[in-house]
Amino acid sequence: MRSYPPKPETVYFFGTCLVDMVYPDAGMAAIRLLQREGLRVVYPRAQSCCGQPAYNSGFPDEARAVARKQLRLFPKDYPIVVPSGSCAGMMHRHYPALFAEDSDRALSEEFAGRVFELTEFLVHVLQIRLEDRGAPVTVTWHSSCHALREMGVIRDSKSLIRQLKNVTLLELENEHECCGFGGTFAVKQPEISAAMVADKAADIRQTGATTVLGGDCGCLMNITGALQHQRVPVTGQHIAQFIWERIHG
Amino acid sequence: MAETTGFDFAKNIRQALGDQQLRKNFKFAMGSMIQKRRLVFADEEEFEQLRAIGQAIRTRALAKLPELLAQLEARCTANGIQVHWAETTEEANATVLEIMQRHGATRMVKGKSMVSEEMHLNHFLEARGIAVTETDLGEFIIQLAGETPSHIIVPAIHKNKEQIARLFHEKIPDTPYTEKVEELNAIARRTLRQRFFDGQVGLSGVNMAVAETGTLCLVENEGNGRMCTTVPPVHIAVMGLEKVVEKLSDVPPLLRLLTGSATGQLITTYFNMITSPRRPGEKDGPLEVHLVILDNGRSRILTDPQFRQTLQCIRCGTCLNHCPVYTRIGGHAFGHVYPGPIGEILTPQMEGLQEAGVLATASSLCNACEAVCPVKIPIPGLIRELRNASYTATPTGRVPGEGFKRNLPETLAWKAWEKVNRTPALNAVVTRLAGLLGDKAPRLGPLKIWSRYRTPPRVARRSLHAMTRAQGVDNE
Amino acid sequence: MSDTARENILRKLAAAQRPAQIPETGALPIAALCQAEKIEQLKHFMEAVRGEVHVVKKDGWIARLQDLLRPRALKTLLYGPATPLGKALAAGWPPEDPGLPRLVPYAASLEDFKSDLFQLDAGITGTLGAIAENGALILWPTPEEPRLISLVPPIHIALVDARNIYCNFADALTAGAWKANMPTNALLISGPSKTADIELTLAFGVHGPREVLVLVLEA
């Protein structure tokens, strides 16, 4: 069980490269949720990527170079909130290993200790209370592997959805099975990845939900891409954006 | 020394993914194994405690490996077990052959042994006029089919009962066609009982070898292992050198982890602990017991502080059961003795990266295997290390074949990625350009592959960087 | 060849760097069950895998055994004649009762007995004890009670003294001081032989006995 800090006045926001480029609305929604709770949010503009794509693909030096840059952009002792279990996992769990033999080792450990995935932060640090102003809807939830196994935040994510009284959450039959994204895995082993995402899409369709929610944009990009390719009329959305829309009706 | 075997992973994968029957068989089987394991390790906290113990037992054994092997040898020898050492599978095969020839033996009955698969023992002996009968039911089935195991624990998992019924009917004399599992088992029992009776040498693997007492421990459900190690006058046990444990008290927790993880059982039907051949006055049991200790690359693996964790493996097979990739392509696609996550880290180290490094690409790093490994091998981390080794420009001799994948396009691509991501101004330009293209970027390279199965992502007009600036979010 | 291999292997292994810390192993908490609970647990786990367990009074076990065997119409029952169990059995067995199997002593070496052995209907052994946590019998075969009695005949009958039921395997190892005294072959047997190699469908009675009949003897 991770120990959480008391509610701070200020937090950093690490958007992640996928949110920055493909899902910026989700990023803004997350920032707004934090601001709504009275926090000052700082978005260091020089940020880019956590380095995971290179780290997982056999290019640790390149990953380290990019990670090193991020390490210096969040110098004050504010928590670093990340709208992705995967990127949060990279920074919280893997940065210390990435810098273990490096002069920035101490910095990476200090940094890693301040990284929080968005939903765990909303639940454990802010104790956020949500009032649902939307019309009834059924959704399902995709557990990203790193949110599940590296950050352990699935219960937190689902508890936020369950606070929304007009939202029915239907769980997937094989919720814990990987969707097949795996970063470069999707292009290095495309047929296996396609088989995995096809099964995930079928599982989602079977719930009858109109939307699949997730906390990870890599997975969402993969799953919605497959759903659209198969012309399955289920949409996908990042949980931050979904929550923001629900509390505003 | 690795020889290229014509291993075409991509072709195997395509074939496996296209085989609907295979996918159906594996999906059912792996789902079932996952469920069984979950029931027997229902208390997650207890499982975490137990596997921390498992990890400690295995790492302790590896930390003291040469002393423990020497102690094992001394105890075994004092008890009358003859110990042989083999650096290579060739030496191991030669040792087995020599023992058989010394006894004029031409009939061997075998219990299941993955090490004997590494040795390609059956093929070796059969080419020299020795009849080898696999007696584990799954191994018996694939022997009839002329195949290799597709799973570490349930070797014939890729076959359904119709396929097995046809196999028995066609390959076993005087056997009617039946799909009833009870009847198929009865046929196997009848056929193999005669082989146990006639067997001149019994061969087994070793699940754990206790250095403290010189005891070889074996788990099984069918009774064929006990038959092979008790009825014939000679018993040969073959073992990977990492299978030794220090103390007898290490056995109960490891046994619990092994049977729970492998088959979802609290304990197998039999747990067989062998300390010596037949002692004076005893009426049965083999007159000679031999232990063949095989290296086959393990000693090199031990020298690497990260990769040595591979040797903690107790061959439970649960990583296979939980792997979404293995579930979809099955064991044969991996083309080598050990499939699945453990195979992805072990095989490249044994066979070299040129031959088997491609196996390390067959993972989305989902971590499902690591979460259930009873001895806490950090499999995804080691897959990542193998990927690093595949591309490294500075080989250190950790794994044979380092740097085999280095190529200019990928090197340049990642260098470019690095430059863009550590240069905010450049990142902003690239982001802006991508935003202008939206989802209309030319479908080349990775995007082309992506678009085969998914609609391409649309890069937003305005990035989060731009939005935060526009909305006045602080920048410190 | 083996000696050179041995030297090379040990040398390579010794050259590998040791980790800084060699972990010690923590112990798992040991459950403390009373006698009645142990018997209950043993019965529960054995029956879950088709073992048959009867709790009987020590001085009535032979009569009870005979009652259990009559409906099975067996021809032969293998036993070790020189054990206390064997002697009691022989003493308590009617010489010519067509409703009961004939007692067959395991008196010769396997080499001279194999053909007969493989035709017998049942075998009876004692046990060193049993393990409640997983429903396993502990057997230490001896010159007087050979290994194959509990394997070759299709029915295995085992006697367990209720006082020798341990909570778990670790307990049994310590209490019995196994490490100083390992027999040729020590066995844990948790029920009839089985396999799930065909479509993961469980089927009983493969190469080992298809029936295991346990008599738990209470004072």
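## Two helices in chain A

A:Thr119, A:Glu120, A:Leu122 and A:Val123 in α7(A) meet A:Asp156, A:Ser157, A:Ser159 and A:Leu160 in α9(A). "Meet" here is about contact: two residues count if their C-beta atoms, placed from the backbone, lie within 7 Å. (Nonpolar covers Ala, Val, Leu, Ile, Met, Phe, Trp, Tyr, Cys and Pro; charged covers Asp, Glu, Lys and Arg; the others, Gly among them, are polar.) Helices (H or I, at least four residues) and strands (E, at least two) are DSSP runs, numbered from the N terminus.

How do the axes of α7(A) and α9(A), residues 154-163, cross? They come within 8 Å at roughly 70°. Axes are lines fitted to C-alpha atoms, for helices over the stretch in contact, and angles run from 0 to 180 degrees between N-to-C directions. The two helices are therefore roughly perpendicular to each other, a label for 65 to 115 degrees; under 35 is roughly parallel, over 145 roughly antiparallel and the rest oblique.

## About the model

This is a predicted model: local features need pLDDT of at least 70 and side-chain atom pairs count only at pLDDT 80 or more, while totals for chains, interfaces and linings use all residues. Residues are numbered from 1 along each chain as its sequence is written, and chains are lettered from A and ligands numbered from 1 in the order in which they are written.

## A sheet in chain A

Chain A also has an open sheet of four strands, in the order β2-β1-β3-β4, with parallel pairing. Strands pair if DSSP finds at least two bridges between them. At the edges stand β2 (40-42) and β4 (115-117) of chain A, each with a single partner strand, so one side of each has no neighbour in the sheet.

Inside the sheet, β1 (residues 10-13) and β3 (residues 80-82) of chain A pair in the parallel sense over two bridges, with A:Tyr12 opposite A:Ile80.

## How the chains touch

Chains A and C do not touch, and their nearest C-alpha atoms are 16 Å apart.

The contact between chains A and B takes 53 residues from chain A and 53 residues from chain B. On the chain A side, 30 are nonpolar, 13 polar and ten charged.
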